[in-house]
Amino acid sequence: MEQYASQTRRDIVRMVAAVSSGHPGGSLGCADFFTVMYHKILKQDPKNFTMDGEGEDLFFLSNGHISPVWYSALARANYFPVEELATFRKLNSRLQGHPSVDHDLPGIRAASGSLGQGLSMGIGAAQAKKLNNDDRYVYVLMGDGELQEGQIWEAAMYAAAKGVDNLIATVDYNGRQIDGDVEDVLSLGNLKNKWQAFGWETLEVDGHNMEELISTYEEAQSLCGQGKPVMVLMKTEMGQGVDYMTGTHKWHGSAPNTEQLESALNQLEMTLGDY
Amino acid sequence: MEKKINILGQKDTRSGFGEGLHELGKSHPNVVALCADLTGSLKMNAFEDDFSDRFFQVGISEANMISMAAGLTIGGKIPFTGTFANFSTGRVYDQIRQSVAYSKKNVKICASHAGLTLGEDGATHQILEDIGMMKMMPNMTVIVPADFNQTKQATKAIADLDGAVYLRFGRPKVPIFVADDAEFVIGKADTIFEGKDVSIIACGHMVYKAIEAAQELAKDGIDAEVINMHTIKPLDVQAILATAKKTGCVVTAEEHMINGGLGDSVAQVLTKNTPTPQEFVGVDDTFGESGTPDELMTKYNIDTADVIAAAKKAISRKK
C-alpha cells in the first residue's frame, strides 16, 4: 500500500512537470485515499471495464482537476498501461487535463472539472443500482472548496430526503483552494454539523493514515442500507509528500520546474518503477 | 394548389409528451423520469402514478436533476427530465454540457412552456434562446415537434435513440394536424403542402401558422410549400436543398430568437450549397412580456400575417 502511494506521488509530480501544468497539490493530498480505494475498498474489474459497472462499485471524481492522482491510481490498478501516463495533457491523449469519457479511458464514467456535478451524478448512478437490484456502492470524491457550489447542496438535500443509502461521499478537507485558504475565500463553517444537519451519516478520517482510511470506509459500508447517505470528511494536507508543496495553497494549480521536480522526486521513493 | 388540411382536434403539445412518456413506461422498462416540481405542468402525472418506482421528484433543483439523470444512465436507464424550457436549458447549461453531452449520456431533456406562448408569466419564463443553446452543443439532438400527435410520437421515438436529446414543446392548446398513426423519423422533415413559389420551413407552433399562411397566400395565387422541420439537429439538408431548388426562395418561421434558431441553421445550408433568398420569421433580439399567447405572437411578429409578409418579400427577392 505504501509503495503504491509513494509511486503515485512520483507519477503525479512527473506528469504535471512534464507539461508544466496541472494540479499537483490536491493530487498529492489524495494519493493515500486513492491507493486505499483502488487497492482495498473498491470491488472492481479493471481488465473488463464497462460503463454500467454492473455488480461493481462505482467511483466518481467530482473535483476533476486532481486528475493526475486518479490517472496514476487507475494505471497502477491495471485499468490502462502505466506508460500512457506520459501522455497526460498532451494532444491526442486519453488523459485529458480534466477527466473525460469522450476519449474512452477505462475507469472513467463521467466528465468532471466544472465543479459541483459529481455528487448528483453519483446519486443518479446509485438510484440506477437500486433499480437494478445491484447491491454495490457508489463512491464520490469532492473538494472542500467545491462545496461552495450550490449544486452540491441540492444533491445533499436530495440524497438524504430520498434515502440514497448506497452512496458514500468523501470531501477532501484540505482547507485550501486556488485563491487561498478556504476559511478566507469563503468559509464552510462547521462542515460536520452541516452534513449532519442535511441528514447524512458523517464520519471523519485522517486521509494520510492508511489503516484508518480502510477501517473508516469499512465502517461507511456498514452504515449503508439504513436509509441515509454516508459522508466521510477526510482531513488531508495539500501537497502531502513534497515538503515545499505543503502548508500553502500555492501548489493547487501550478507545476514544479525542473529543479523543483528533482527536489520532489528526492523525497518520494520509487517503489514500482516510473512510467 | 388547394391547401387543405385535416384538423383532428386541439390539444397542448405537453400533453402529447405526457401521453408518450406514459406509453414508454409500459413499453420500455428502462425509461425513468425526473421532474423538478412541475409534474402537473409537464403532464407527467400518469407516469408518476403508474411507475412510481421509476419516477424521481427532485424538487426545485434543476442542476441536481440534470446531473442525476446523467448518473442514472450508468446502469442502463433512459432518463427523461421534465421542467420548463427555461429551466431545462439556460439554468442548467453547464450541467447539460459536462454531465450529459460531453459525458455522452443518454438523457432526454424534455422542455415545456417554451417561447412566447407560455403567455402571462412573462419574459422570465419565456425562453427564446434554447434552440440556439442546445443546437450548439456537440452530441445533442434537437427536436421541436409541431402538435400533440407529433410530440407524442417524438417522445416515443427518442427513447430508441442512443444519445442526448433536447425535446421542446409548449403550453397552449393548438390544432392537431399530424395523423395519430404517423411515423416520426428523427432528422427527416415532413412536407405538409407541396408548392412552387416559396418554401416555408417552420418548427413547433409556427408550423400551424405556416399552414394558415399558405392557405391565405393561395387566395392571392401564391403556391407555398410548407415543411415541418421538426428536427433542428441533425438538420434534413436534403429536404432544404430540394425545396429551395423547387421554389427559389425560403421563409423560416420559429417561436424563438432569429439569432441562433432554425433560420440560422437553414441559412447555413443554403449559403454553403445554393445561395437562396431567405426571410426570417422569429423574435428579433428582444425579451417577451406578459400577455396571451395570441397577443404576444402578434406583437412580436411571429403570427400568420408575418409569415405571409415574409413569403411575399422572399418571392420579390427572387431574380
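**Before starting.** I am working from a predicted model, in which local features need pLDDT of at least 70, side-chain atom pairs count only at pLDDT 80 or more, and totals for chains, interfaces and linings use all residues. Residues are numbered from 1 along each chain as its sequence is written, with chains lettered from A and ligands numbered from 1 in the order in which they are written.

Entry 1: I looked up contacts (C-beta atoms, placed from the backbone, within 7 Å) and found 27 residues of chain A touching 22 residues of chain B. On the chain A side, α5 (118-131) and α6 (150-161) each supply at least two residues. α5(A) gives the most, with 10 residues. I then sorted that side of chain A by type: 12 nonpolar, 10 polar and 5 charged.

**Entry 2: strand β11 of chain B.** Are its residues, 224-228, buried or exposed? I find 5 of 5 buried, meaning 20 or more other C-beta atoms within 10 Å of a residue's own. Ala224(B), Val226(B) and Asn228(B) point one way, Glu225(B) and Ile227(B) the other. A handy reminder: in a regular strand the side chains alternate between the two faces of the sheet.

**Entry 3: partners of β11(B).** I checked pairing (at least two DSSP bridges between strands). β9(B), residues 190-193, runs antiparallel to β11(B) over 3 bridges, with Phe193(B) bridging to Val226(B). β10(B), residues 198-202, pairs with β11(B) in the parallel sense over 5 bridges, and Ile201(B) stands opposite Ile227(B).

Key: Two residues are in contact if their C-beta atoms, placed from the backbone, lie within 7 Å. Helices (H or I, at least four residues) and strands (E, at least two) are DSSP runs, numbered from the N terminus. Ala, Val, Leu, Ile, Met, Phe, Trp, Tyr, Cys and Pro count as nonpolar, Asp, Glu, Lys and Arg as charged, and the others, Gly among them, as polar. A residue is buried if 20 or more other C-beta atoms lie within 10 Å of its own, exposed if 12 or fewer, and partly exposed in between; C-beta atoms are placed from the backbone.
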